[in-house]
2 protein chains.
Amino acid sequence: MRFVRGFPSTMMDEYQLNITNILRHAATNFPEREVVSRNLDGSLFRYSYGEAYERVSRLANVLEELGVDVGDRVGVLSWNTHRFFELFFAIPGIGAVLLEMNLRLHPREIAYVANHSGAKVIFVDESLLPIAEAIAPSIGVEKYVVMTDGETPETKLPEVYSYEELLRKASKDYDFPMVDETSAYAACYTSGTTGNPKGVYYSHRSMVLHSLIAAIGMGLRPEDAYMQLVPMFHANGWGVFFAATLAGSKLVFPGRYAVDNLAPVVELMQSEKVTATAGAPAIFLPMLNYLQKVEPKPKFNIRAWSGATEPPLAVMKGLKEFGIEIIHAYGATETSPLVCYNYVKPELREKLNEEELWELKRKQGIPVFGVEVMLVDEEGNRLPHDGKTIGELCIRGHWITGSYYKDARTFESFIDDGLLKWWKSGDAATIDEWGYIKIVDRFKDLIKSGGEWISSVDLENHLMAHPKVFEACVVGIPHPKWEERPLAFVVPKPEFKDSITKEELYEHLKQRFAKWQLPDDIIITDEIPKTSVGKFSKRTLREQYKDYYTK
Amino acid sequence: MRFVRGFPSTMMDEYQLNITNILRHAATNFPEREVVSRNLDGSLFRYSYGEAYERVSRLANVLEELGVDVGDRVGVLSWNTHRFFELFFAIPGIGAVLLEMNLRLHPREIAYVANHSGAKVIFVDESLLPIAEAIAPSIGVEKYVVMTDGETPETKLPEVYSYEELLRKASKDYDFPMVDETSAYAACYTSGTTGNPKGVYYSHRSMVLHSLIAAIGMGLRPEDAYMQLVPMFHANGWGVFFAATLAGSKLVFPGRYAVDNLAPVVELMQSEKVTATAGAPAIFLPMLNYLQKVEPKPKFNIRAWSGATEPPLAVMKGLKEFGIEIIHAYGATETSPLVCYNYVKPELREKLNEEELWELKRKQGIPVFGVEVMLVDEEGNRLPHDGKTIGELCIRGHWITGSYYKDARTFESFIDDGLLKWWKSGDAATIDEWGYIKIVDRFKDLIKSGGEWISSVDLENHLMAHPKVFEACVVGIPHPKWEERPLAFVVPKPEFKDSITKEELYEHLKQRFAKWQLPDDIIITDEIPKTSVGKFSKRTLREQYKDYYTK
């Protein structure tokens with residue numbers, strides 16, 4: 001690809017895409033629109049975009065008083081609250097970088113992230129003080145600001161400030177600078193299963209563009225009420241709260257909640273008349289279970305983006321009964337995250353029957369404007385988009401990372417294409433003739449047998465759909481003739497521990513898979529080894545069984 | 001305002017916003033979606049985004065073969081057709097600039113535009129050859145490409161090529177470069193009533209951002225069918241066809257049509273199931289008149305942006321009966337054009353009664369994200385947004401021009417605000433506490449009487465609502481005591497030429513205006529002087545009557 005510079009324009013191209021302009025737009029044009037945030041004690045905090053902007057201005061003054069300079073990194077350990085929302089505008093607003101700290105990581109990893117980014121100050125929710133205290137001795141951060149609704153609790157942290165007290169004392173006027181749009185506005189580290197987290201630094205430009213696309217994709221309007229379910233420390237909380245602010249929608253922050261007690265979240269959805277949200281099967285499955293027990297049956301009118309993993313059909317169908325339409329979306333920390341989301345093209349609505357439509361809705365969807373995708377084989381050769389050929393999904397675009405911050409793993413993660421790069425997602429996918437992406441596996445977990453690919457995820461999902469199976473994991477083991485062959489590991493549900501048989505599992509698999517795709521053995525076991533974040537450790541299994549065919 | 005450069009991001013910020021990426025996105029992800037174009041003979045041409053992209057690639061090769069270089073300007077004289085659509089991607093695609101040539105201007109002005117821009121090649125629709133032939137001797141353009149469905153007609157033009165013939169011979173493969181996003185993608189010259197047209201050169205960046213905002217504003221989806229009514233030589237055809245392409249909507253180009261024969265347009269709206277469009281009262285009023293005569297009554301489901309002038313209430317209400325919802329929008333050549341559009345905020349829907357809602361819908365609307373507005377007095381001081389104070393509307397943002405190309409009028413048209421500028425729109429407006437902009441007059445046509453403003457447009461509109469009045473024009477005349485006082489000029493409808501009286505017109509005005517706001521005299525006349533584009537020449541009237549109070 002060539003690069004050319006044409007005739008000069010007369011437009012105000014020097015006007016920078018700045019994340020804080022999103023809130024200023026809302027405060028100017030929707031000053032009265034509401035932002036609702038659930039406090040730790042369950043009470044609700046309410047204010048308007050106009051008031052939010054005033055507090056963000058105070059917060060900008062506070063940051064300067066704390067010694068935060070342009071370019072500094074500022075960590076945040078918080079649930080989804082209005083204060084996290086404020087920090088998302090004030091920190092980049094002064095030209096600094098918000099560090100999204102994933103409170104689910106091991107303290108060792110959180111400390112790594114704080115050190116690797118060079119965080120100068122950390123903002124911490126009072127309920128998360130134990131995490132801050134656990135990492136404090138291993139990191140160089142001197143100042144902590146505690147976000148609390150009441151008195152600041154006792155803490156062992158060094159220099160401690162109260163968020164609300166600082167805000168009260170600060171001036172409400174702040175003259176926000178124009179920030180060069182390629183400056184980082186926030187950073188998020190991957191929670192990869194191997195090695196240390198990798199740093200992705202989002203720019204003002206990339207996030208504003210992402211917000212525009214998310215607003216188009218969700219069709220957000222001032223009439224909407226958007227609930228921020230996705231943790232805001234996960235890939236910008238998927239960025240949809242920015243899109244909702246831009247659109248003048250009402251915002252609802254659920255604060256701290258647990259998936260095994262979703263009553264407060266569901267009540268908030270009802271009382272605040274939520275119309276849009278984003279989450280993952282990890283929350284939508286328990287939400288369905290909860291809704292099926294509640295009386296009287298709640299009825300919503302909600303469109304919900306669902307990411308992270310493929311939403312089970314039963315969850316999509318079940319939630320539809322309650323007026324919650326699950327829209328499958330796909331992305332990663334490296335992609336801001338929106339790569340694609342699923343909708344039924346008008347011409348397919350007529351062609352497909354109901355079951356085919358549901359199958360279609362399970363796909364990851366069609367790339368949004370601003371993102372390009374391609375499939376490549378192990379040598380980096382482009383593969384066809386025919387709905388059958390499996391390759392590694394590679395992505396580039398305005399809000400895709402082009403490197404990892406100070407990380408040599410950058411070398412193995414990108415394909416250089418001259419002027420631009422492609423990010424190698426590590427996901428194995430097909431793309432059909434309509435443009436729908438279907439993720440079939442992690443690329444490294446695909447099993448190559450006799451020149452053909454076998455998806456470990458497909459086998460696992462089908463095994464786990466068997467009524468006696470609790471967990472199932474399939475890995476490829478080196479084979480002298482076929483290159484690799486699949487081995488399955490199955491943990492039965494406790495009540496079927498003694499009655500489960502390999503034969504019935506094979507019968508079950510044969511309904512869907514060809515003979516050569518079946519695992520060579522199904523090993524029934526008590527436990528499958530897991531990683532620190534609870535995923536199957538396929539690496540451990542492959543290591544344990546590497547000599548299965550040769551010994 | 002300060003400018004700061006923060007911490008570097010890791011994102012692919014070097015990925016440029018390029019207008020041709022919009023069509024590539026549609027061709028990749030909606031390859032089968034339709035584009036329909038009405039030919040000169042009334043027949044319909046149909047193809048898909050995939051096929052459009054192939055023709056655009058051929059066209060890019062054609063441009064290079066014609067000697068068009070990066071940065072060159074290429075003129076287009078055309079109705080709204082698929083070929084104009086193709087040129088909008090191919091010309092900027094190779095790094096050149098599409099010059100939008102307004103075929104409604106006087107040939108002298110069109111020649112000025114061609115010369116001032118330095119156009120190298122001109123593409124002309126066969127039906128517009130007379131215009132090209134009229135200007136050819138006064139401009140330096142050597143090559144003309146004629147766009148025709150059949151044989152190329154005889155012409156006096158120098159070096160003439162056939163669009164379709166060139167395309168047939170060209171390769172369908174073209175490797176589009178990445179164009180620096182601040183390069184001009186197209187240019188449009190204002191059709192100002194005073195002096196020569198002024199050149200506005202839109203960048204790739206500004207138009208892509210504008211397209212994203214237009215897609216949000218119109219809520220365009222793949223299900224939509226968008227009809228391009230606004231001439232594409234007027235401020236990028238309001239840019240909505242780009243937004244529709246980006247969204248994967250179906251596109252409908254009506255080709256040549258006349259407002260006194262809208263049957264073919266209305267039939268196209270019906271047959272192609274149009275759901276969205278954009279136009280002006282100049283077309284929506286005759287459209288309503290036509291619809292009211294047709295049997296059986298057509299029923300649409302269309303949202304229609306209406307710009308240029310305020311849509312009369314009767315037109316909005318009348319079209320609503322046919323399922324066409326008029327959405328008032330506002331902009332100018334200098335603003336790409338979208339500054340704001342009207343929608344009813346959810347909180348107002350409950351507060352206002354039906355008549356108040358209609359009044360609200362007549363306002364120009366609320367600024368979109370990416371655009372800032374302010375009101376200033378004659379000295380440039382900021383004025384409050386209270387719904388009452390009238391000031392000159394000033395605008396800045398990503399798709400607002402920051403200068404006029406090689407034009408000294410740049411000096412008087414902008415307010416310097418340090419890092420950024422404001423464009424002075426020349427429109428007098430109020431902005432209410434909800435953010436709605438209301439244009440009350442051209443700033444120079446406002447009448448300042450005893451320290452208070454009187455809107456000439458308000459008086460004119462109310463006079464023209466009188467059943468006996470055909471045209472009305474109100475101007476401010478210098479007054480020794482009050483500074484200025486309004487004088488009205490009224491042309492009666494032919495049938496009321498002898499029966500119309502000043503008294504009944506004053507009675508009519510008194511229903512709405514205070515005594516001091518009434519014109520000092522209403523002069524009944526046969527004709528009001530007009531400019532070359534048919535607007536009232538208030539300058540002429542002010543000149544003729546400048547001694548009215550002093551002689």
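Chain A comes out with a mean pLDDT of 95, and 99% of its residues reach 70 or more. This is a predicted model, and the predictor gives the complex an ipTM of 0.93 and a pTM of 0.94.

**Where the chains meet**
- On the contact count, 93 residues of chain A touch 92 residues of chain B.
- About 7,700 Å² is buried between chain A and chain B, with carbon and sulfur atoms giving 61% of that area.
- On the chain A side, Phe7(A), Met12(A) and Phe369(A) lose the most area to chain B, together 12% of what that side buries.
- Ten salt bridges run between chain A and chain B.
- Glu32(A) and Lys345(B) form a salt bridge through their side chains, at 3.3 Å from N to O.

**Helix 1 of chain B**
- Helix 1 (residues 20-29) of chain B is largely enclosed by the rest of the structure, because eight of its ten residues are buried.
- Those buried residues are Thr20(B), Asn21(B), Ile22(B), Leu23(B), His25(B), Ala26(B), Ala27(B) and Asn29(B).
- Their cover includes strand 18 (366-367) of chain A, along with helix 2 (49-65), helix 3 (82-93), helix 7 (204-218) and helix 8 (240-247) of chain B.

**Salt bridges within the chains**
- Over all chains, the structure holds 82 salt bridges.
- In chain A, Asp445(A) and Lys538(A) pair up at 4.0 Å, N to O.
- That pair links distant parts of the chain, 93 residues apart: Asp445(A) is in the loop between strand 23 (437-442) and strand 24 (447-449), and Lys538(A) is in helix 17 (residues 538-544).
- Asp445(A) counts as buried at 6% relative accessibility, and Lys538(A) counts as buried at 8%.
- In chain B, Lys361(B) and Glu325(B) meet in a salt bridge at 3.2 Å, N to O.
- Lys361(B) is buried with a relative accessible area of 15%, while Glu325(B) is partly exposed at 33%.
- Also in chain A, a network of salt bridges links Arg55(A), Arg83(A), Glu86(A), Asp149(A) and Glu164(A).

**A nonpolar surface patch**
- Met1(A), Phe3(A) and Leu419(A) make a nonpolar surface patch of about 250 Å².
- Met1(A) sits in the segment before strand 1 (3-4) of chain A and counts as partly exposed, at 43% relative accessibility.

Notes
Residues numbered from 1 in each chain as written. Chains lettered and ligands numbered in written order. Predicted model: local features only at pLDDT ≥ 70, side-chain atom pairs only at ≥ 80, totals over all residues. Heavy atoms only, no water. Buried < 20%, exposed > 50% of the residue type's maximum accessible area, 1.4 Å probe, protein only. Helix = DSSP H or I, 4+ residues; strand = E, 2+ residues; numbered from the N terminus. Contact = heavy atoms within 4.5 Å. pLDDT = per-residue confidence, 0-100. Patch = residues over 30% accessible without salt bridge, like charges linked within 9 Å, V, L, I, M, F, W, Y side chains within 5 Å. Areas by Shrake-Rupley, 256 points an atom, 1.4 Å probe, with all protein chains shown as cover. Buried area = accessible area lost by both parts, 1.4 Å probe.
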